[in-house]
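User: I would like to learn how to read side-chain contacts and aromatic pairs in a model. Please take me through them step by step.

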Amino acid sequence: MADALAVLQREPVANAFVTARVLESGLDPIRLGGQMWGWYHRGRLDALCYAGANLVPVGAGPAAVRAFAERALRQGRRCSSIVGPADATADLWSHLEPHWGPARELRPRQLLMATRTVPPGIRPDPAVRAMRKGEMDLVLPAAVAMFTEEVGISPLAAEDGGLTYQARVAETVGAGRCFARVEDGRIVFKAEIGAVTPQVCQLQGVWTAPEYRGRGLATAGMAAVVRHALTATAPVVSLYVNDFNAPALAVYRRLGFTETGTLMSVLF
């Protein structure tokens, strides 16, 4: 596992998701929720590919990408998406598309952003708080709305009726990593702390109820979540966002997030 972590630590922000999974579960496929493929150069582990619900290349140059594509084709598609550094993911998809395509959607440019501070001129929303285990009835509708808007399909339409998704949401709430502002018995803003490593944590599931947008809730709410994350979770807070999502980009830049890389996603 040490060799795998050494590869992951080359890009701690970009590799936060996979690193968090390895730190939490090791490399055992059952606990990890997928396989970890390795590519060796001159006898040394040089690149990885996480093959679970997502297919995620890590540190993969052209030769490693070809090897991972061949392995993926032999196994058959088991993932719901491919996501990773834009160049490697685009290369990987070029090998897989003739066999797995067409994709439901391509997102070729997603900006990876990070910050170490909350700008002093922004007041964090004092009403944003960690949701409690007994509040899943509040969290789930907001989470489903966010997922459906972001991905284009409801997580409840999955083969298992959304049970896996609900379990993931419940795990996030139970870990104290789901934050929201509640008004009149419903969530009007939410965000989650997803992957966590000693170096960085990654925010996900950022959502504001449509009728509350444009009021500054996202900026103040995100400031509250970022402040908590920097204080209690990791020294760097990251996230990634579609380059066409101008309102979200404006919020994140206002909060001091700067670009550290570019990702790409292939959605099935």
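Analyst: Contact means heavy atoms within 4.5 Å. This is a predicted model, where local features need pLDDT of at least 70, side-chain atom pairs count only at pLDDT 80 or more, and totals for chains, interfaces and linings use all residues. Residues are numbered from 1 along each chain as its sequence is written, and side-chain values use heavy atoms, with hydrogens and water left out.

User: Which residues does Gln110 touch, not counting residues up to four places away in sequence?

Analyst: Its partners are Tyr240, Val241, Asn242, Asp243, Gly261, Thr262, Leu263, Met264 and Ser265. With Asn242, Gln110 makes a side-chain to side-chain polar contact at 2.8 Å (N or O atoms within 3.5 Å, one able to donate a hydrogen and the other to accept it; residues adjacent in sequence count only if both atoms are side-chain atoms).

User: Is Gln110 buried or exposed?

Analyst: Buried means under 20% relative accessible area, exposed over 50%, partly exposed in between, with a 1.4 Å probe and protein chains only. Gln110 has 3% relative accessibility, so it counts as buried.

User: How is a pair of aromatic rings described?

Analyst: By the distance of the centres and the angle of the planes. Rings of Phe, Tyr and Trp (its six-membered ring) pair if their centres lie within 6.5 Å; planes under 30 degrees apart are stacked, over 60 edge-to-face, the rest tilted. That rule gives five aromatic pairs here. In one of them, the centres of Trp100 and Phe268 are 6.2 Å apart and the planes stand at 75 degrees, so the pair is edge-to-face.
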